[in-house]
Amino acid sequence: MKEKWSRFILAVRDSSWKVKLSAAVMGGGQFLYGSYGKGISYFLLEIVIIAYMALRGVKDIQGFFTLGTQKGDAWLGTVGDNSVIMLLMGIFAWIVLAAFLYLYQLNLKDAYHTQKIIENGKRPLSFREELAQLLDKKFYITVLILPVLGVCVFNVLPIVFMILIAFTNYGGDIVPPELVDWVGVANFEKLIALSQFAPTFFKILGWNLLWAVVSTVLNYFLGLGLALLLDKECVKGKAFWRAFPVLAYAIPGFITLLAFKFMFSYGGPINQIITAGGNTAIGFLDLDAKWMARGIGVLVNCWISVPSIMLLATGHLSNRDMSLYEAARIDGAGRWKQFQKLTMPFMLFATTPVLLSQFIGNFNNFGIFYFLRGGLYVDGYFLASDTDLLINWLYNLSIDNNYYCIGAAISLVIFMITSLISLIIYVKSPSYREEDTFQ
Amino acid sequence: MKRKSIALCMAVCLCAGIFTGCGKDGESQETAQKMQNEQDKQEKEQPSVVSTVFNGELEHDVTIQVLENDTAVSKGYFAELIEAFNEEYAQYGIKAVDANMDQYLDLANDGPYGYGPDVLYQANDIIMQYAEGKHIYPLPAEKMECFEQIPEAAWAAYRIDLEGTAYTCGVPVNVQAPMLYYRKDLLPQDWENVWDENGNKIPDMAENWNAMYAYSVSRHAENSSQYGYMKSLFDVYFSSGFLFTYGGYIFGNNNTEPADIGFSAGEAEKGAWVLSQLASTMNEECIDDSITTNAYSKLADGTYFATITTPDMYSTFLEEMILAYEEEGLSKEEARAKAEENLVMTTLPALPESGDLTEEGASFLAAKSMGGINGYAVSAYTKHPNACLAFVEFATSYEMMVRRSELLGVAPARNDAADAVGGTSQLLYNNLEAGNIVLMPSIKEVSQIWTPGETFFIDLAKDAFRPEEEKKYTDLDAMKKGLEGVDQQIYDAIFTLK
């Protein structure tokens with residue numbers, strides 16, 4: 001850091017007045033050094049950004065802090081401020097400002113670099129040569145620029161928006177045209193202060209972790225098992241057999257879930273068979289069916305998720321180095337040993353990030369119990385049922401009530417839990433620790 | 001520009017009000033009193049925003065977008081309505097068109113940006129949520145032709161108090177409430193002698209729940225695969241009426257006070273007891289939504305004798321019965337005639353005062369039920385409010401309300417239209433007027449009543465099938481406690497994070 005700073009001071013002292021002009025007018029230095037195209041480009045960029053800031057950027061940043069001052073009244077025709085849009089546009093203005101600062105720094109670096117080239121008696125690249133480099137040496141910039149912009153607008157912006165919502169009073173009665181305000185950490189204090197939340201939170205968290213681990217492990221090994229089975233040479237008509245799980249995968253999840261709900265209902269085919277045999281109908285998913293309903297949830301989740309793991313594993317298995325298996329067989333290793341020492345390490349190495357995403361996906365699996373057993377509050381739980389995951393509880397507490405700010409706060413807590421678990425698992429995984437093993 | 005001028009005038013008036021404090025004490029008090037009287041008078045006459053927006057000057061050569069109910073569109077009523085309106089208002093160049101939007105629109109977010117319909121047809125609870133945010137205009141209801149014909153209870157569902165002034169934000173069109181469906185041909189052969197105590201040619205099962213209970217028990221005893229009354233009890237919309245009959249309510253102060261929750265109020269536990277007794281005559285399918293989904297076919301094949309659901313389901317029941325009769329070998333026409341003769345839709349039977357369905361010589365109470373009122377509202381973001389009002393006036397006219405009822409089978413909220421249509425529409429209207437239809441609250445907190453209510457009713461239904469030693473609701477006290485739990489959960493859901 002210190003070294004960087006001293007290099008910066010040195011560069012400032014060493015830079016010519018032309019470079020210093022670039023500090024005031026972007027592209028000025030490049031223009032004076034004869035890089036006209038580049039100079040004009042930087043200058044135009046500066047003009048565009050300044051125009052944006054003047055026309056709305058400054059107002060948007062101001063709005064980011066105030067979140068609106070004029071309440072709308074459609075009856076009187078008063079067009080008010082929409083706090084949510086102001087927050088969104090404010091974040092966008094900050095992103096533009098950050099981009100401008102980055103470009104400004106690039107502009108200074110480039111001007112100084114051009115000065116050095118000329119001092120060394122060389123000729124700076126012409127604009128055409130610079131552009132040609134974007135298709136050659138600097139092709140990575142060309143291909144990355146659009147995705148980076150896309151990530152900023154479609155990923156960074158909504159994520160930052162969601163995080164910031166947790167620090168406002170947006171929701172409940174405070175929805176446009178009402179004005180939203182910043183409330184600091186009041187939503188988190190509310191979460192901590194509500195004593196009735198604690199027992200339910202820990203009960204649900206415990207079940208949520210168990211659910212995520214069991215579902216992920218079951219889905220993974222069943223998917224891998226199915227892929228290995230269908231990879232066997234003795235299996236005839238592999239494509240035909242593979243089509244079944246793919247069909248299950250292709251049907252939208254919520255339709256599958258509703259179908260299973262019907263199957264396990266009192267009037268469903270399973271109970272029809274049971275009662276036709278003279279037995280009493282079973283409440284597979286009803287109020288008293290805690291562990292049975294949980295078990296059914298796990299199995300239904302397998303039905304939905306195993307095919308995707310199977311497809312993934314099928315692809316990875318085709319990349320195995322079969323000579324290793326040949327060598328293992330010669331050394332006398334049995335099938336289980338081969339699986340344990342060759343297949344599993346290879347698969348774990350290749351699929352740990354997928355496993356992690358499966359884990360996170362299962363941890364936050366909203367649909368399973370919402371569709372299978374939604375609409376229940378069970379004794380001993382605060383506005384939740386014994387099959388609800390944290391995400392379902394979050395929905396009951398916040399979105400159902402339109403308390404978006406509380407929803408965002410709980411989401412942040414869930415994010416911290418899942419990211420911590422993911423980070424620990426990933427750092428300890430072979431994908432991270434033995435990065436070069438299969439390269 | 002016009003709106004800006006209005007806003008400017010109002011701002012000037014407001015400033016003028018502030019400066020009234022600058023005069024002498026006595027004078028200022030006198031002036032203030034005078035202004036207050038004037039303001040009160042104006043408010044009594046017509047809230048200013050209403051008369052300013054709906055000034056009676058029809059906008060010419062405009063197109064208004066109307067969002068209608070899906071059924072009205074699919075059954076051709078909406079096409080008829082806009083065609084008739086467009087013909088009538090062609091002289092002004094006003095044209096109504098289908099907004100062609102999803103019924104679950106988001107006027108609050110779309111409206112300010114110029115999206116969304118000009119006129120919308122929705123349930124009262126949806127419209128009034130928009131009214132709270134001033135996303136729909138208050139209407140000059142008292143000046144409308146339909147005003148006198150629509151009962152006060154229906155107008156009340158569209159009334160809101162904002163900043164001390166009462167506004168009416170929608171025009172009631174039709175009443176929705178649970179109805180009893182039963183099959184006349186499944187009545188016992190001797191029903192006129194044995195099951196018509198008062199000799200009025202209406203079977204007792206359709207008149208009181210005690211008879212329905214007794215018949216359900218006897219029908220199932222005769223043939224274990226057949227049942228009498230069948231219904232999924234978890235559904236709060238249909239089951240809560242049993243509580244309301246005995247003094248229960250949703251929210252206090254005419255469903256406007258969310259802190260006062262009354263599912264356990266009065267003797268609501270008697271209603272729970274009635275449900276519990278009815279559950280004992282059904283099978284386990286009453287615990288979940290199985291009966292809701294299979295009632296159409298099971299009523300048609302004779303497995304069930306009766307059920308309750310909304311009046312708009314009549315055609316579905318009828319179609320199923322026609323199919324069943326056709327399978328028995330009747331021609332399409334014969335099957336239809338027979339189905340129409342045998343399928344009866346009527347209002348709910350009366351409930352015993354004691355809550356005991358086995359009581360002999362019981363005295364009865366008129367059954368209450370939860371209901372809703374669908375109606376028209378005008379978006380506050382429309383550029384042509386007077387043209388929109390003209391459309392609403394036209395759509396709620398006697399002729400259109402009768403036509404709507406004929407085509408869609410819905411019960412009109414207008415007295416004269418209900419009279420003209422007769423039958424169940426009139427019965428529903430009478431029930432609404434008598435206060436037996438408890439309208440769905442028009443406040444957003446209503447969204448929190450469903451899950452606690454459903455859980456309780458599931459538990460109550462399940463209890464009928466638990467072994468004796470595991471039963472939770474063994475007496476009225478236990479049921480009362482259960483209902484108090486429901487009230488508490490609803491309260492928690494509304495207020496914990498408020």
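This is a predicted model: local features need pLDDT of at least 70, side-chain atom pairs count only at pLDDT 80 or more; totals for chains, interfaces and linings use all residues.
Trainee: Where in chain B is B:K201 found?
Mentor: B:K201 is in the loop between α9 (191-194) and α10 of chain B. Its phi is positive, about 65 degrees, although B:K201 is not a glycine.

Trainee: And A:L67, what's its phi?
Mentor: Phi of A:L67 is near 55 degrees, again a positive value in a residue other than glycine. A:L67 is found in the loop between α4 (36-66) and α5 (83-119) of chain A.

Trainee: Buried or exposed, that A:L67?
Mentor: A:L67 is buried, since it has 20 other C-beta atoms within 10 Å and the cut-off for buried is 20 or more.

Trainee: Back to α10 of chain B. How many residues does it have?
Mentor: Helix α10 (residues 209-222) of chain B has 14 residues. From first C-alpha to last it reaches 20 Å, close to the 20 Å expected at 1.5 Å a residue.

Trainee: Which of the residues of α10(B) are buried?
Mentor: The buried ones are B:W209, B:N210, B:A211, B:M212, B:Y213, B:Y215, B:S216 and B:R219.

Trainee: What covers them?
Mentor: The cover over the buried residues of α10(B) includes α13 (268-279), β9 (306-309) and β11 (351-352) of chain B.

Trainee: How about α21 of chain B, mostly covered or in the open?
Mentor: Mostly covered: 13 of the 14 residues of α21(B) are buried. Helix α21 spans residues 450-463 of chain B and reaches 20 Å from its first C-alpha to its last, close to the 20 Å expected.

Trainee: Where is the kink in α7(A)?
Mentor: The kink lies at A:I145, shortly before the proline A:P147, and comes to about 35 degrees.

Trainee: I also clicked on A:T256. Which helix is that in?
Mentor: A:T256 is found in helix α11 (residues 253-263) of chain A. With 17 other C-beta atoms within 10 Å, A:T256 is partly exposed.

Trainee: What is A:T256 in contact with, leaving aside neighbours within four places in sequence?
Mentor: A:I251, A:W303 and A:I304 are the contacts of A:T256 on that basis. As for A:V153, A:T256 is 103 residues away from that residue in sequence and 34 Å away in space, C-alpha to C-alpha.

Trainee: OK, zooming out. What does the domain assignment give for chain A?
Mentor: It gives domain 1 (2-184) and domain 2 (190-433). In chain A, 42 Å separate the centres of domain 1 and domain 2, taken over C-alpha atoms.

Trainee: How many residues of domain 1 of chain A are in contact with domain 2 of chain A?
Mentor: Ten residues of domain 1 of chain A touch ten residues of domain 2 of chain A. The domain 1 side has six nonpolar, four polar and no charged residues.

Trainee: And how is chain B divided?
Mentor: Chain B is divided into domain 1 (52-169 + 371-434) and domain 2 (179-368 + 445-495). Their C-alpha centres lie 32 Å apart. Ten residues of domain 1 of chain B are in contact with ten residues of domain 2 of chain B.

Trainee: Which helix gives the most to the domain 1 side there?
Mentor: Helix α20 (residues 423-433) of chain B does, with four residues. By class, the domain 1 side divides into five nonpolar, four polar and one charged.

Trainee: Last one: how many residues of chain A are in contact with chain B?
Mentor: 31 residues of chain A, in contact with 35 residues of chain B. The chain A side has 16 nonpolar, ten polar and five charged residues.

Technical notes
Residues are numbered from 1 along each chain as its sequence is written. Chains are lettered from A and ligands numbered from 1 in the order in which they are written. Two residues are in contact if their C-beta atoms, placed from the backbone, lie within 7 Å. Ala, Val, Leu, Ile, Met, Phe, Trp, Tyr, Cys and Pro count as nonpolar, Asp, Glu, Lys and Arg as charged, and the others, Gly among them, as polar. Domain bounds come from an automatic or database domain assignment. Helices (H or I, at least four residues) and strands (E, at least two) are DSSP runs, numbered from the N terminus. A residue is buried if 20 or more other C-beta atoms lie within 10 Å of its own, exposed if 12 or fewer, and partly exposed in between; C-beta atoms are placed from the backbone. The expected span of a helix is 1.5 Å times one less than its number of residues. The bend at a residue is the angle between axes fitted to the seven residues ending there and the seven starting there.
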